[in-house]
Amino acid sequence: MKNIILFLKGVAVGIGKVIPGVSGSMIAALLGIYENSVLAINHMKEDFWKNFFFLLPIGCGVFLSMLFFSNILLYFLSHYYVFTIFFFIGLIIGTVPSFRKQVSIKYASDYFFFLFGFLLPFLFTVFQSGQEVIPSFSLFGVLFVILLGFIDAFSMVIPG
């Protein structure tokens, strides 16, 4: 039963990974598996099989949900774009209160950084040039995709 619950939590993390603007690690933190996952990865050498069997159902859930949910997401973005984007905005805004309870804001400048980080994606959409960035299969294009992969991997490690 524990493995099924970990698998389902992995599915939720994978769905959060596919949804633009929602961090998979943020979902993992909300579900209570983030810290244990990081500890299991950090201590993999010490107790390999215990950590492996803890991470296996989560990893399978993440992989399968990313595989299947990305097609569903593509369908909704191509047929119901505005509704889907507003749904994503609601998901992002909906996670703010739960993280606000976990983070203590001591200084007024912390509110500025919170608002800046929240409004930055909206500023990008306002000043967007209308051109899509499509990497080519040149050396620069491959390195660009690898760089994006590193950024994505860092976003999985740092919640929010």
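Q: What share of the protein's accessible surface belongs to carbon and sulfur atoms?
A: Keep in mind that this is a predicted model. The accessible surface of the protein comes to about 12000 Å². Of that, the part that belongs to carbon and sulfur atoms is 75%.

Q: How much of the protein is made up of buried residues?
A: Buried here means under 20% relative accessible area. The protein has 160 residues. Those that count as buried make up 21%.

Q: Which pattern does the protein follow along the sequence?
A: Start with the inventory: 8 helices and 0 strands. Read along the sequence, that comes out as α-α-α-α-α-α-α-α.

Q: How many nonpolar residues are in the contact of H1 with H4?
A: The crossing of these two helices is right-handed. Sorting the contact residues by class gives 1 charged and 6 polar, and the nonpolar ones number 16.

Q: Where is phenylalanine 69, and how far in space is it from isoleucine 15, C-alpha to C-alpha?
A: Phenylalanine 69 is found in helix H4, and among the residues it touches is Ile15, along with Val18 and Ile19. In sequence, phenylalanine 69 and isoleucine 15 are 54 residues apart. In space, their C-alpha atoms are separated by 6.5 Å.

Q: Is phenylalanine 69 buried or partly exposed?
A: Its relative accessible area is 21%. The buried class needs a value under 20%, and exposed needs over 50%. So phenylalanine 69 ends up as partly exposed.

Q: Which residues of H2 make the contact with H1?
A: H2 spans residues 24–31, and its axis comes within 7 Å of that of H1, with a crossing at roughly 150°. H1 passes H2 in a right-handed crossing. H1 brings Lys9, Ala12, Val13, Gly16 and Lys17, and H2 brings Gly24, Ile27, Ala28 and Leu31.

Q: What residue with a positive phi follows H2?
A: Within H2, Gly24, Ser25, Met26, Ile27 and Ala28 are buried. After the helix comes a residue whose phi is near 85°, and that is glycine 32.

Q: How many charged residues does the contact of H3 with H4 have?
A: H3 (residues 34–42) and H4 pack at about 130°, with axes 9 Å apart, and the crossing is left-handed. Asn36, Ser37, Ala40 and Ile41 in H3 meet Asn51, Phe54, Leu55 and Ile58 in H4. By class that is 5 nonpolar and 3 polar, and the number of charged residues is none.

Q: Which residues does threonine 84 touch, beyond those up to four places away in sequence?
A: Threonine 84 sits in helix H5, residues 81–94. Its relative accessibility is 8%, so it counts as buried. Leaving out residues up to four places away in sequence, threonine 84 touches Leu73, Phe76 and Leu77.

Technical notes. Residues numbered from 1 in each chain as written. Predicted model: local features only at pLDDT ≥ 70, side-chain atom pairs only at ≥ 80, totals over all residues. Heavy atoms only, no water. Left-handed = near helix turned anticlockwise from the far one by under 90°. Helix = DSSP H or I, 4+ residues; strand = E, 2+ residues; numbered from the N terminus. Nonpolar A, V, L, I, M, F, W, Y, C, P; charged D, E, K, R; others polar. Axes fitted to C-alpha atoms, helices over the stretch in contact; angles between N-to-C directions. Contact = heavy atoms within 4.5 Å. Buried < 20%, exposed > 50% of the residue type's maximum accessible area, 1.4 Å probe, protein only. Areas by Shrake-Rupley, 256 points an atom, 1.4 Å probe, with all protein chains shown as cover.
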